[in-house]
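The sequence and the three-dimensional structure are shown first, and the description comes after them.

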Amino acid sequence: MTDLRTKRTRAMILNGFNALMQQKQFTKITVNDIAAAAFINRSTFYVHFTDKYELLETVFQGVLDQDAIDTSTLYEHPFRMLAQIKGSSLKNMIQYQAHDTEFVSAFFDFFVERLIDQRTEISELDKCFFIGRVNAIPRWIQRTNQKFNIFTDYDKLDDIFNQGAKHLATN
């Protein structure tokens, strides 16, 4: 069982980190920044987390647990699930960090790769194809200057995800 001091220190780290994530790009946040925001020593941070990526994953997991995000339809409607996350307690963080490539990469890794890995009924090859298709859509939007937003146009993007380029040609 975790003692009260450990819980309090973790809460201070999480609160300090959450505040930093709305003031500074994730790429530029250091462990020293997090420790200072939490009023702890750098070495104390490492007692609780191995790095800022593990801390970010802890924040993401907390959102899944607290905001009751429905992950059951991830395989069929990944962009709908991402939109639910955008409307969660992460909303302000996502808005601020939306252009930070390290944050976006960690976001997709956690919410797509980790969640799809939990689906034991799907083969490893199908999981890899799924991850590739999900990652391809934001890249396609960016490379071709599409007007889609992954958080508001989720129904259309889920259609494109499920139907592929053929869907675009018929609409």
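**The nonpolar core**

The structure is a predicted model. Its largest nonpolar core has 48 residues. Within this core, the residues with the most contacts are Leu56, Leu82, Ile85, Leu90, Phe103, Phe107 and Phe111. At least two core residues each are supplied by α1, α2 (31-38), α4 (52-66), α5 (78-86), α6 (91-97), α7 (101-117), α8 (124-143) and α9 (154-163). The largest share, 9 residues, comes from α7.

**Aromatic rings and charges**

The structure holds 15 aromatic pairs. In one of them, the ring centres of Phe60 and Phe110 are 5.5 Å apart and the planes stand at 45°, so the pair counts as tilted. This pair links distant parts of the chain, since Phe60 belongs to helix α4 and Phe110 to helix α7, 50 residues apart. Both Phe60 and Phe110 are buried. The two residues also belong to one aromatic cluster, formed by Phe60, Phe103, Phe107, Phe108, Phe110 and Phe111. Of these, Phe103, Phe107 and Phe111 are also listed among the residues with the most contacts inside the largest nonpolar core.

Charged side chains lie over aromatic rings as well. Lys52 lies over the face of Phe26, at 4.4 Å from the ring centre. The charged end of Arg133 sits over the ring of Phe161, 4.0 Å from its centre.

**Helix α2 and its surroundings**

Which residues of α2 are buried? They are Val31, Ile34, Ala35 and Ala38. Seen down the axis of α2, the buried residues fall within an arc of 100°, so they line one face of the helix. The cover over these buried residues includes α1, α3 and α4. Just after α2, Phe39 takes a positive phi of about 60°.

Most residues other than glycine have a negative phi. Phe39 and Asn145 each have a positive phi although neither is a glycine. The table sets out their values and locations.

| Residue | Phi | Relative accessibility | Location |
|---|---|---|---|
| Phe39 | about 60° | 73% | loop between α2 and α3 (42-48) |
| Asn145 | about 55° | 58% | loop between α8 and α9 |

Phe39 counts as exposed because its relative accessibility is 73%, over the 50% cut-off. Asn145, at 58%, counts as exposed for the reason that this value is over 50%.

Helix α1 spans residues 4-20 and contains Thr9. Is Thr9 buried or exposed? With a relative accessibility of 13%, Thr9 counts as buried, because that value is under 20%. Residues up to four places away in sequence not being counted, Thr9 touches Ile40, Thr44 and His48.

Leu4 is also found in helix α1. Leu4 has a relative accessible area of 63% and is therefore exposed. From C-alpha to C-alpha, Leu4 and Tyr154 are 42 Å apart in space, and 150 residues separate the two in sequence.

Methods. Residues are numbered from 1 along each chain as its sequence is written. This is a predicted model: local features need pLDDT of at least 70, side-chain atom pairs count only at pLDDT 80 or more; totals for chains, interfaces and linings use all residues. Side-chain values use heavy atoms; hydrogens and water are left out. Helices (H or I, at least four residues) and strands (E, at least two) are DSSP runs, numbered from the N terminus. Buried means under 20% relative accessible area, exposed over 50%, partly exposed in between (1.4 Å probe, protein chains only). Contact means heavy atoms within 4.5 Å. A nonpolar core is a set of buried Ala, Val, Leu, Ile, Met, Phe, Trp, Tyr and Cys residues joined through side-chain atoms within 4.5 Å. The arc is that of the directions from the helix axis to the C-beta atoms. Rings of Phe, Tyr and Trp (its six-membered ring) pair if their centres lie within 6.5 Å; planes under 30 degrees apart count as stacked, over 60 as edge-to-face and the rest as tilted. A charge sits over a ring if NZ of Lys or CZ of Arg is within 6 Å of the ring centre and within 35 degrees of the ring normal.
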